[in-house]
Amino acid sequence: MSDFNKTRSEFHLPEGLIYLDGNSLGPLPRKAAERVASTITAEWGDMLVTGWNKAGWMAKPTDIGDRIGKLIGAPAGTVVMGDTLSIKVFQALASALRLRPDRKIILSDTGNFPSDLYMAEGLVGLLGQDYSLETVAPEEVEGAIDETVAVTLITEVDYRTGRMHDMKRITEKAHAAGALTVWDLAHSAGAVPVDLTGADADFAVGCTYKYLNSGPGGPAFIYVRPDLAESAEPALAGWLGHEQPFAFDQNYRPGRGIERMRVGTPPVLQMAALEAALDIWDMTTMADVRARSIELTERFIAGVEAACPELTLATPREAALRGSQVSFRHPEGYAIMQALIARKVIGDFRAPDILRFGFTPLYIGEAEVEGAVKIIAEVMDGKLWDREEYKRRARVT
């Protein structure tokens, strides 16, 4: 059984703050600052450029990829770090389309994160030749998969509502139709158990600054199914994805397996922070995290619904159908969230009317749930959100 009091002690959390936004940006692991400082002074400072060899910087993307692989059901050598999630979405989609040259359709859903859809739109715009992105309602994805679809692009956990797609069932349906799958794990990795191998997923991508706590701008990851790794052709043929980067060939030759999905220079300092964050994950299991998450979200839903009937639950009520977040709807959702933040309950707002709260058992427990419910009730009962200062939209919501 995991000791969540112990994992909580591994994070820097400001006194008196109830942080329910780890699904947007995880808090600072206490040892991350020390790890990054050591990387700066003892490695970058003292080793300079020799750090690429002496400190093993060049191997970090695959070494850390293997650690993340353990959290998402991916075998060693199938996950690599680097770049941003949007870049990894583009890579995965382009590779999948090349593997299905006789098909032109990318299928996604209207609940997908907009950046994923923007990447798909940009790709089909570049390809032309009748390529298209088609979107349907989340609940209609399975019925829309047919022999015309080249690849599905699905975020497993909906960023607004927390609704969770059935990865195994959708992948089976795609494969039966001859299509490939790309899964976005931005709200899954570190939040819910993921089994890419068991689901037979083809490609998966994800970020690390949410539930994995790597810090703002933390690197993304990409997974490629082992039997596809040598045939997947990356559209972004970066220097470090070359078979021999330091041969300085004029022409690109893809690296072996997952190495070909590397693009640019690894973000060494961010990866140092991520390593410190992943050390905390060695203290627990995804099964324990999921069980605790369900307990906390159930308690939160019951508390808010009892105290605030004017808030409408947007998240699936059945625990098996949702990720590790709870969302409520209200026409004044933005102002309500600002009022909560002013009272040290940190969640976030997603247009048009979603108040979103993330539950991360590594540092959130029953006391935070009860405290948050109490403050939400106070804000709603007293209409404390109805102030002009709470209605002015900031750049980040």
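Is tyrosine 159 buried or exposed? Select tyrosine 159 and you will find a buried residue, with a relative accessible area of 6% (buried means under 20% relative accessible area, exposed over 50% and partly exposed in between, using a 1.4 Å probe and protein chains only).

Before moving on, note that this is a predicted model, where local features need pLDDT of at least 70, side-chain atom pairs count only at pLDDT 80 or more, and totals for chains, interfaces and linings use all residues. Residues are numbered from 1 along each chain as its sequence is written, and side-chain values use heavy atoms, leaving out hydrogens and water.

Now for the rings. Rings of Phe, Tyr and Trp (its six-membered ring) pair if their centres lie within 6.5 Å; planes under 30 degrees apart are stacked, over 60 edge-to-face, and the rest tilted. The count comes to ten aromatic pairs. Phenylalanine 113 lies in the loop between β5 (105-109) and α6 (114-127), and tyrosine 159 in the loop between β7 (149-155) and α8 (167-176), so the pair ties together parts 46 residues apart in sequence. Phenylalanine 113 is partly exposed, at 37% relative accessible area.

Next, select Phe300, Phe328, Phe357 and Phe359, which ring pairs link into a cluster.

Then go to tyrosine 334: the charged end of arginine 393 sits over its ring, 4.6 Å from the centre (the cut-offs are NZ of Lys or CZ of Arg within 6 Å of the ring centre and within 35 degrees of the ring normal).

Last stop, the cysteines. Cysteine 207 is buried at 3% relative accessibility, and cysteine 308 is buried at 0%. Searching the whole structure gives zero disulfides (pairs of cysteine sulfur atoms within 2.5 Å).

Technical notes. Helices (H or I, at least four residues) and strands (E, at least two) are DSSP runs, numbered from the N terminus.
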